Amino acid sequence: MSAKRLRIIALLAISTVFLLAWAFPIVWSVLNSLKTDSDVLAYPPKLVFAPTLEAYRDVLFGSGSILPNLLSSVIISVGTTIVTMLMAVPAAYALARLRFRGKKFAGFYVLATQMLPPVGIIIPYFLVLRNIGWIDTYQGIILIYLSFSLPFAIWLLVSYFEDIPLEMEEAAYLDGASRLKTLWRIIIPQVRGGIAVTIVFVFLNAWNEFLFAVVLSGNTVRPVTVAMFNFVSVEQTLWAKLAAVSVLAMLPVVVLGVVAQKHIVKGLTVGAVKGGGRR
Amino acid sequence: MSGQGQVSFRNIVKMHGEFAALKGVNFDIKPGEFFALLGPSGSGKSTTLRILAGLDAPTAGRVLIDDKDVTSTDARDRDIAMVFQSYALYPHMTVAENIAFPLEMAKLPKSEIAPAVKDAARKVKIDHLLHRKPGQLSGGQQQRCALARAIVRKARLFLLDEPLSNLDAKLRLETRAELKKLQRSLGVTAVYVTHDQEEAMTLADRMAVFMSGEIQQVGTPAEVFARPNSIDIAGFIGNPPMNLVPARYVDGDVIIAGHRLKTTATTAGERDVVVGLRPGALRMAEGGLGARVDLIEDLGDTAVLDLDCAGTMIRMRVADGNIPGEGDTISITARPQDIHLFDPATRMRL
């Protein structure tokens, strides 16, 4: 009994430490976003202060409003997600089911692209986009994001498709369905969960991306992750505004995370367990 | 909308790399027949069914349905319905949607689909479950749902791949009888794959017995039981199966463990043979083959005796009230016409 209680206490203590470590930056950002600039810089940090929404008002409706940047982020993330899913679903189905020459190589390629250090390919990507005139355009950024999100989405979806018994498909053929009809009516409804998880991951990756965006975007197309940097300059950093933008940028992520939490956890474990034993 | 349902396999060969799953299979199924493909696992019976369904392509040979060559016809254009061992119900659809699916694919108008679904469900007694999902059904109900989905389309051929193997013993016997009645009332040609000889014996009008990629015998269950073509079939059909005992043939007699038995089967001169004896064909009689009773399996109305005949194990079925004691020595014999002879080298019937 006492040993069991001790274990529970230890578990609680460890969980608390981790929870604090994870929650601290978020709580700190939220607190700072509600402070005035002088309160932010006060030392020792003020835990009790008069909250104000001034920072939010400034970043949303002030001269340097980030609303256009939020819109850019939405267009890039939604665009990337839609194009990725349109290509990844049929590709994952093909990798899971069809027998074709070069399948093994294709499977390896899908994984190999995940191993490249992103910094190593920023310059080539920049040169390619500049040559075709797609720097600072939506299609340019979406295209580059696709090169990461597509392999990832395919890799995640394949394990869901492989979970569907082959007999299910054969039954559909004998019932008179074509391959496309079988995919649409029989297979896809059964991998809805996997598709939802993939959509969430692809969207979040595109939404949070910074490294490529900072190099490949410009004055026309500037996602919020890059725009945030406007509040950091050589002379000073506008901490309250920076925190306010971070909180705003975090909102869709948090909302999606809460809504899809169950699916995400399940999706992660499916990928983890099935990924290793793939045919 | 369907034709007759006559099937012919012509020299079908199926290779999996170097391994021959089917080594030239020939058979014909008559319209309206209940035809069983029987054999142990890995004998090629399921491969045969999959080739007939169009799910696998043969390496060589031709498949004819109603005298039309369908060897390269897509599964969905063959007008064949199939019940899978796993049932393969669509889990995201209700029972009614499952049954309606083949009709939707055939582009039947909605006004015709609904009554057809009800009718098929009523035939297999699941018309009260139409709004459930497959996950909410028992194993037996799932099996019926799969049957309903197969019969709703009135296809010319009805394929069943071990449809009873996932049911418990009692349900299996009930469903077996219902399946036979259903097939008769529909008048449809049925091809039934099973490894259970009892299922094949009770259900089939005729059956093909598969052994390692070949058909060794085609015939009615009675024919196959009475005159098995080979040692392998003799050892597979019947419960318990035929006793197979090495013996010597000398001028119309066989010598088993030093004892002579008369046989009506004949072969040339004097040679080694394998004698086949049905457990139920053995009799206790004076002056026969001496045997010690090792074990008695009492089944109620009959009993199966394990006999030791000078080192050779023989099983015998006796009626209740005629059972000797364990350890007793008895004398057994068989009528000349009940003694089957097989060639030990070719393993075929002599």
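Reader: What share of the 279 residues in chain A is buried?

Author: Buried residues come to 33% of the 279 residues in chain A, where buried means that 20 or more other C-beta atoms lie within 10 Å of a residue's own, exposed means 12 or fewer, partly exposed is in between, and C-beta atoms are placed from the backbone. This is a predicted model, in which local features need pLDDT of at least 70 and side-chain atom pairs count only at pLDDT 80 or more, while totals for chains, interfaces and linings use all residues. Residues are numbered from 1 along each chain as its sequence is written, and chains are lettered from A and ligands numbered from 1 in the order in which they are written.

Reader: How many helices and strands does chain A have?

Author: Chain A comes to 13 helices and zero strands, helices being DSSP runs of H or I with at least four residues and strands runs of E with at least two, numbered from the N terminus. The C-alpha trace of chain A spans about 70 × 70 × 35 Å along its principal axes.

Reader: And what fraction of the contacts with a separation of 6 or more in chain A comes from residues 24 or more positions apart?

Author: Such pairs account for 78% of those contacts in chain A, a contact being two residues whose C-beta atoms, placed from the backbone, lie within 7 Å.

Reader: Now H4(A): at what angle does it pack on H10(A)?

Author: Helix H4 (residues 67-97) and helix H10 (residues 192-208) of chain A pack at an angle of about 140°, with their axes 9 Å apart; axes are lines fitted to C-alpha atoms, for helices over the stretch in contact, and angles run from 0 to 180 degrees between N-to-C directions. That angle makes H4(A) oblique to H10(A), since angles under 35 degrees count as roughly parallel, over 145 as roughly antiparallel, 65 to 115 as roughly perpendicular and the rest as oblique.

Reader: Which residue classes make up that contact of H4(A) with H10(A)?

Author: The contact of H4(A) with H10(A) has ten nonpolar, six polar and no charged residues, where Ala, Val, Leu, Ile, Met, Phe, Trp, Tyr, Cys and Pro count as nonpolar, Asp, Glu, Lys and Arg as charged, and the others, Gly among them, as polar. On the H4(A) side the residues include Ser73(A), Ile76(A) and Met85(A), and on the H10(A) side they include Ile195(A), Phe203(A) and Trp207(A).

Reader: How does H4(A) pack with H7(A)?

Author: H4(A) and helix H7 (residues 138-162) of chain A pack at an angle of about 40°, with their axes 6 Å apart. The contact of H4(A) with H7(A) has 23 nonpolar, four polar and two charged residues.

Reader: Switching to the two chains, how many residues does the contact take from each?

Author: The contact takes 17 residues from chain B and 14 residues from chain A. On the side of chain B that touches chain A, the elements giving two or more residues are strand S6 (80-83) and helix H2 (95-105) of chain B. By class, that side of chain B has 14 nonpolar, two polar and one charged residues.
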